[in-house]
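Biologist: Could you take me on a close tour of one part of this protein, the space where the ligand sits and what lies around it? I would like the working definitions along the way, please.

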Amino acid sequence: MTTPFDDDHLREECGVFGIYGHAEAARHVALGLHALQHRGQEAAGIVAFDGARFQAHRAMGHVSETFESDRVMAELSGYAAIGHVRYATFGATILRNVQPLFADLSFGGFGIAHNGNLTNAMTLRRKLVKQGCIFQSTSDTETILHLVATSTKNSEIDRLIDALHQIEGAYSLVALTSSMMLGMRDPLGVRPLVLGKLDDGSMVFASETCALDIIGADFVRDVEPGEIVIISDDGIQSLKPFQSPRPRFCIFEHIYFARPDSVVEGRSVYDVRKQIGAELARESGVDADVVIPVPDSGVPASIGYAAEARIPFELGIIRNHYVGRTFIEPTQQIRNLGVKLKHNANRPQIAGRRVVLVDDSIVRGTTSLKIVQMVRDAGAREVHMRIASPPTTHSCFYGVDTPERSQLLAATHDIEGMRKFIQADSLAFISMDGLYRAMGEAGRNPAAPQFCDACFTGDYPVSLTDHWGGDEDQSRRSRVKIAG
Ligand code: SF4
């Protein structure tokens, strides 16, 4: 949950879900969105189609608040529906940016929900506005709507493909028209999207498999990078309108974003995190009495670390899950209490011990500093921080909310400087090759990296057209310019 004190973590991006062919489509989408709540807590929405009319409901807040009313759910009737949970990575947090977006186009209604971030949205938007398009939101996703609307192609599929050929960046999309539901991923497959099936034959798209589990759907397969999967009354169709560059799935999904009970791109997120912990223990073990995770995302890595290092694992920090935005007034006095509102030391597990603390990442370093201090205040003799990712040195432009580079501790400090900043006795990060080994690879292939790892390397796999502006050299340096 994002709170005013949580601004030292990378924030989840968004989650998408869709179902076609079920009498209670919207209720299933609401359940699926519940399971994806960790990917975005600012707003949620559903667009449903009943064969004659599209209905939409979008609101700020959590899924449980947005879809608790029977009246709202009754209005969202129909056999097909798509939904979205949002954390704003592009565009302000205002109701008109809440997805799924919907428009009446020449071929009929078109709803779309997007996880990711388009890196040329502003460039395209300026062009579209010059052509006379009137944008209703500041969301990058609306660019896709206008590209579909203004395409000169004939069929709705050809218009969509035409639009996809113009956008750059990371996207997993679900879309709904009066005759089909579509799921698609960008050519590098940066963000996840899976296809599932219910016993009654209804087909499902979801950002993660944990959202299939909640409605009892079976996992069918991942939507492939660059693939468009079309679900209609005629069955399932797969289109691959792009050249196929080597996929570059976001490695941070495995470290932090995805739920540990999800299987992402064929790998159990929980198992990968445990392997990361084991690699960390092998690479930078230290004499200690207890391994303690920074909850929640540090837990599986800590289990892996403790097992490999043969050091007891204890829940030495307890997280309060009920710290909500509405409860906390972010006054300075409350802010000074800082991290204690969310985390509290479990003193008997810490006092007098040499502690290994395991966390998923260090962003600005302010939370790590507070946690180290809290563990010391609870009586730790030594505090050794171990991080389940390499140093975060670069911002993400593909749908994850990271601070500007200048705000990232690892961009301005070496490891010893970071250790001093967070006041730990020692600090170590998993190596890049160690991370890739935890993913089941032999190591990182520098000539053709197997994943997107740009926030650790600065090796951005998709053009950052808006960010680089007219810097042609930068654009040329980009490894892949997505095109048809
Ligand atoms: Fe994921 Fe980092 Fe790449 Fe963003 S830059 S897509 S967070 S690996």
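Modeller: Happy to; I will begin with the ligand site, go on to a pocket, and end with a few backbone details.

A word on the source: this is a predicted model, in which local features need pLDDT of at least 70 and side-chain atom pairs count only at pLDDT 80 or more, while totals for chains, interfaces and linings use all residues. Residues are numbered from 1 along each chain as its sequence is written, and side-chain values use heavy atoms, with hydrogens and water left out.

The ligand is surrounded by 13 residues, and the closest are Arg-191, Cys-250, Cys-396, Cys-452 and Cys-455 (a residue is near a molecule if one of its heavy atoms lies within 4 Å of it). Helix 8 (252-257) and helix 16 (454-457) are the elements that give two or more residues to this shell. Helices here are DSSP runs of H or I with at least four residues, strands are runs of E with at least two, and both are numbered from the N terminus. By class, the shell has 11 nonpolar, no polar and 2 charged residues. In this scheme Ala, Val, Leu, Ile, Met, Phe, Trp, Tyr, Cys and Pro count as nonpolar, Asp, Glu, Lys and Arg as charged, and the others, Gly among them, as polar.

The ligand takes up the space of the largest cavity (a molecule sits in a cavity or pocket if more than half of its atoms lie within 2 Å of its grid points). On a 1 Å grid over the protein atoms alone, a cavity is a set of points where a 1.4 Å probe fits but cannot get out; a pocket is an open set with protein on both sides within 12 Å along at least five of seven lines, and lining residues have an atom within 4 Å of a point. This largest cavity holds about 100 Å³ of space, where a volume is the space filled by probe spheres set on the points, and grid points are joined across faces, edges and corners. Its lining has 15 residues, divided into 12 nonpolar, 2 polar and 1 charged. At least three lining residues come from each of domain 1 (6-248) and domain 2 (272-457), with bounds from an automatic or database domain assignment.

Now for the second largest pocket, with about 460 Å³ of space. Of its 23 lining residues, Asn-117, Ser-395, Cys-396, Phe-397 and His-467 are the closest to its centre. Helix 17 (465-468) and strand 6 each supply at least two lining residues, and helix 17 gives the most, with 3. This lining has 11 nonpolar, 8 polar and 4 charged residues, and domain 1 and domain 2 each provide at least three residues.

Strand 6 (residues 108-118) leads us on to its partner: strand 5 (residues 101-105) pairs with it in the antiparallel sense over 5 bridges (two strands pair if DSSP finds at least two bridges between them). A hairpin of 2 residues connects strand 5 to strand 6, and Leu-105 stands opposite Gly-108. Pro-100 lies in the loop between strand 4 (80-86) and strand 5, and the peptide bond from Gln-99 to Pro-100 is cis, with omega near 0°. Another cis peptide bond joins Pro-295 and Asp-296, with omega about -5°.
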